[in-house]
Each structure stands twice: as structure tokens, then as C-alpha cells.
Amino acid sequence: MRDGNIPNLPSTIRRNTIVLATCLGLSWAVVQLSMALAAVTLARLTETSSLGGFGPGLMLISWSIASFYLGRVMDAHGRILGIRIAFASGVVGTGIVYIGASNEITAVFLVGLALVGFCLGGVNLARAGGADMSPPEHRARGISLVLVGAAAGAILSPIVFAP
């Protein structure tokens, strides 16, 4: 490290850190939006406001399941495969959420929410990739840069989605 500046790391590490930070930023923006909309949409679909918290709870349960299983996949086969599986489940889950909500089919909507939660659990594990690819003396900085992306997504999402 020279003069307190960020060390001159290889371009692939810098690029991948930016990609991971962006992914986590987007996922935390989605967390903010999806948790709020899941509660409102489920309450509307079931016509029971007391079930509104079930949707976000289901997402969090599938998030924890994904963290366990995708963590094992990432340990055995690398982070890239786990992240790909996570994003694929998110894309499929988003489509299923749309189909369930637009056709007012609660069970389909809940399956989609579970897949979106699974995606978020897997993407959340990507933060460890900031440490994995960094030299040992810069691992803390790698994780912190990726987490800055997550924080930016969480902070900016209410501003971006407000209109």
C-alpha cells in the first residue's frame, strides 16, 4: 500500500470486486422493495391483512435454506456456480411472482417468493468472494468494499423506488 491509497491490485480483482458490490447493491435494493410488496400483495391476494407478514417470512426462511445449500455448493465448486444458481432462481422466481400476483393465485405467488428469497440468500454469500480473491493482507478491505455496495443498495432503494 502506498501513501494510504488502495493497493494496486490486479484488474481482475478490481473488476470482480465491483461486480460483487453491484450484485449485492442490487440484491439489497430488491430486498427493500420485495419485503414491502410481498406483505401488501399477500394481504390483497388473501383478503386478510393478518397474513401480510407470511410472505416476507417465507422469503427469509428460503434465504436461510439457500445460505446453507448454496454455501455447500460454493465450498465444493466455487462461488461462481452458487451465484449463477442464485440468480437463476431469482429470475424464475420473479416471473412466478408476477404470474401468481397478476392471476391472483396465492400458492403460485408464494412459490415465486420462496425462489426470490433463495436467490437473495445465495447472492448474500457472494460477499465472501471479496475476501476469497484478495491477497491475505487485503481480505478485510475486499469484504468491506463489497458490503459498501450492499449498503448503497439498501440506502438508495427507497429513493429510487419512491416515484
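The following dialogue explains how to read the main features of this predicted model.

Reader: How should the numbering and the basis of the values be understood?

Author: Residues are numbered from 1 along each chain as its sequence is written, and side-chain values use heavy atoms, with hydrogens and water left out. The model is predicted, and local features need pLDDT of at least 70, side-chain atom pairs count only at pLDDT 80 or more, and totals for chains, interfaces and linings use all residues.

Reader: Where is confidence lowest, and where is it highest?

Author: The score pLDDT is the predictor's confidence in each residue, from 0 to 100. Where pLDDT is low, the predicted coordinates should not be read in detail. Here the mean pLDDT of the protein is 86, and 95% of its residues reach 70 or more. Confidence is lowest in helix H5 (residues 129-132), with a mean of 80, and highest in H2, with a mean of 94.

Reader: How many helices and strands does the protein have?

Author: Both kinds of element are DSSP runs numbered from the N terminus: helices are H or I with at least four residues, and strands are E with at least two. In this protein there are six helices and zero strands. The order from the N terminus is therefore written α-α-α-α-α-α. Along its principal axes, the C-alpha trace spans about 60 × 40 × 20 Å.

Reader: What share of the contacts joins residues 24 or more positions apart?

Author: Contact means heavy atoms within 4.5 Å. Among contacts with a separation of 6 or more, residues 24 or more positions apart account for 71%.

Reader: At roughly what angle do the axes of H1 and H6 cross?

Author: Axes are lines fitted to C-alpha atoms, for helices over the stretch in contact, and angles run from 0 to 180 degrees between N-to-C directions. The axes of H1 (residues 11-46) and H6 (residues 139-161) come within 7 Å and cross at roughly 35°. As for hand, a crossing is left-handed if the near helix is turned anticlockwise from the far one by less than a right angle, and right-handed if clockwise; that of H1 and H6 is right-handed. The residues that meet include Leu-20, Leu-24 and Trp-28 of H1, and Leu-145, Gly-149 and Gly-153 of H6.

Reader: How do the residues of that contact divide by class?

Author: Ala, Val, Leu, Ile, Met, Phe, Trp, Tyr, Cys and Pro count as nonpolar, Asp, Glu, Lys and Arg as charged, and the others, Gly among them, as polar. The contact of H1 with H6 has 11 nonpolar, seven polar and no charged residues.

Reader: At what angle do H2 and H3 cross?

Author: Their axes also come within 7 Å, and the crossing is at roughly 145°. Among the residues in contact are Leu-70 and Met-74 of H2, with Ile-83 and Ala-86 of H3. By class, the contact of H2 with H3 has seven nonpolar residues, two polar and one charged.

Reader: Which residues have the most contacts inside the largest nonpolar core?

Author: Buried means under 20% relative accessible area, exposed over 50%, and partly exposed in between (1.4 Å probe, protein chains only). A nonpolar core is a set of buried Ala, Val, Leu, Ile, Met, Phe, Trp, Tyr and Cys residues joined through side-chain atoms within 4.5 Å. Of the 163 residues, 39% are buried. The largest nonpolar core has 15 residues, and Met-59, Phe-109, Leu-110, Leu-113 and Leu-120 have the most contacts inside it. H1, H2 (54-77), H3 (79-102) and H4 (106-124) each supply at least two of its residues. Leaving aside neighbours within four places in sequence, Leu-110 is in contact with Leu-42, Phe-54 and Leu-58. A second, separate core of 13 residues includes Leu-70, Met-74, Ala-86 and Val-123.

Reader: Which loop holds Glu-47, and what is its phi?

Author: Glu-47 lies in the loop between H1 and H2 and has a positive phi of about 55° although it is not a glycine. With 74% relative accessibility, Glu-47 counts as exposed. Glu-104, in the loop between H3 and H4, also has a positive phi, near 55°, and is exposed at 56%.
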